[in-house]
Structures are given as C-alpha cells and as structure tokens.
Amino acid sequence: QVQLVESGGGLVQVGGSLRLSCVASGLTLESYVMAWFRQAPGKEREFVAAIGWSGFMTYYADSVKGRFTISRDNAKNMVYLQMNNLKPEDTAVYYCAADLTRIIATTTQPYDYWGQGTQVTVSS
C-alpha cells in the first residue's frame, strides 16, 4: 500500500521558515522523482519544487527559487522542503508527490502518488 505523509506545516510570520517532511511507504523511493505542490483556496494546484531520483537534479518554480530547497534521503524514504523567507503568498496546503517517470514535471498529471497535504499559513 503506497502512502505519502506530509508533516511540518504550521503558522509562521512573514520572513519565517518552515521545514516540511514527507515520508513514503510501499514504494522504492529511489525510483521516483519527488515533488512538492501547493494549493491555495479557490486556486489550481501549482508546482513548487521537484528532485530527481538521484537527488542531484532539482527544479523550482520561479516564485520560490532562492527561498525554498528540496532534498531527499532515499535511505529513510524521506523528502524535505526547506522554506525560508516565507511570504503571505506562500500560504497553501502543500502536497508531496511521486512520479515513476523519472523526468521532472511541473504539472500534476504525471505524478502517480500524492500525500494528504499539510497546511502552511504565513501571516503579516
């Protein structure tokens, strides 16, 4: 049974930091491209960051580049998203996703598995 579970969300002030975690079970994490997406109320789910199966290739949305860092620990079946200098526009539910294609995609369709999401709220 494949399962992705996110954690680490919460309420922070503008300029603060959060570290999101995603633990995977039921799959061989090293075979998957892993990504983070986010969705604000009334908006489409949007790409945030992705990391290749080796962990060396990363890609970020323009809106978070320079502020967020994605990383993975295949031995622990974990994926992380370090979020620094948070802005109110970052407020959303953040989702962990896995894609067996091993090609980084910025759309939701290629991703095979999704977590339940964790809420991030950035207040002024």
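Two strands pair if DSSP finds at least two bridges between them, and the strands themselves are DSSP runs (E, at least two residues), numbered from the N terminus. With that in hand, here's a quick look at a predicted model, where local features need pLDDT of at least 70, side-chain atom pairs count only at pLDDT 80 or more, and totals for chains, interfaces and linings use all residues. Residues are numbered from 1 along each chain as its sequence is written, and side-chain values use heavy atoms, with hydrogens and water left out.

**Strand S11 and its partners**

- In S11, Thr118 is the bridge partner of Tyr94.
- S11 (residues 118-123) pairs with strand S9 (residues 92-99) in the antiparallel sense, over three bridges.
- S11 also pairs with strand S2 (residues 10-13), this time in the parallel sense and over four bridges.
- Over in that pairing, Ser123 of S11 stands opposite Gln13.
- In a regular strand, side chains alternate between the two faces of the sheet.
- For S11, the covered face carries Thr118, Val120 and Val122, while Gln119, Thr121 and Ser123 make up the uncovered one.

**Aromatic pairs**

- A pair of aromatic rings is described by the distance of the centres and the angle of the planes.
- The structure has six aromatic pairs (rings of Phe, Tyr and Trp, the last by its six-membered ring, with centres within 6.5 Å; planes under 30 degrees apart are stacked, over 60 edge-to-face, the rest tilted).
- One of them is Phe47 with Tyr59, a tilted pair at 6.0 Å centre to centre and 35° between the planes.
- Phe47 belongs to strand S5 (residues 46-51) and Tyr59 to strand S6 (residues 58-60), so this pair ties together parts that are 12 residues apart in sequence.
- Phe47 is buried at 8% relative accessible area, whereas Tyr59 is partly exposed at 41% (buried is under 20%, exposed over 50%, partly exposed in between, using a 1.4 Å probe and protein chains only).
- Tyr111 and Trp114 go edge-to-face, with 6.1 Å between centres and 65° between planes.
- Here Tyr111 is buried, with a relative accessible area of 5%, and Trp114 is partly exposed, at 27%.
- Ring pairs join Phe37, Phe47, Tyr59, Tyr111 and Trp114 into a cluster.

**Arg45 over the rings**

- The charged end of Arg45 sits over the ring of Tyr95, 3.6 Å from its centre (the criterion is NZ of Lys or CZ of Arg within 6 Å of the ring centre and within 35 degrees of the ring normal).
- The charged end of Arg45 also sits over the ring of Trp114, 5.0 Å from its centre.
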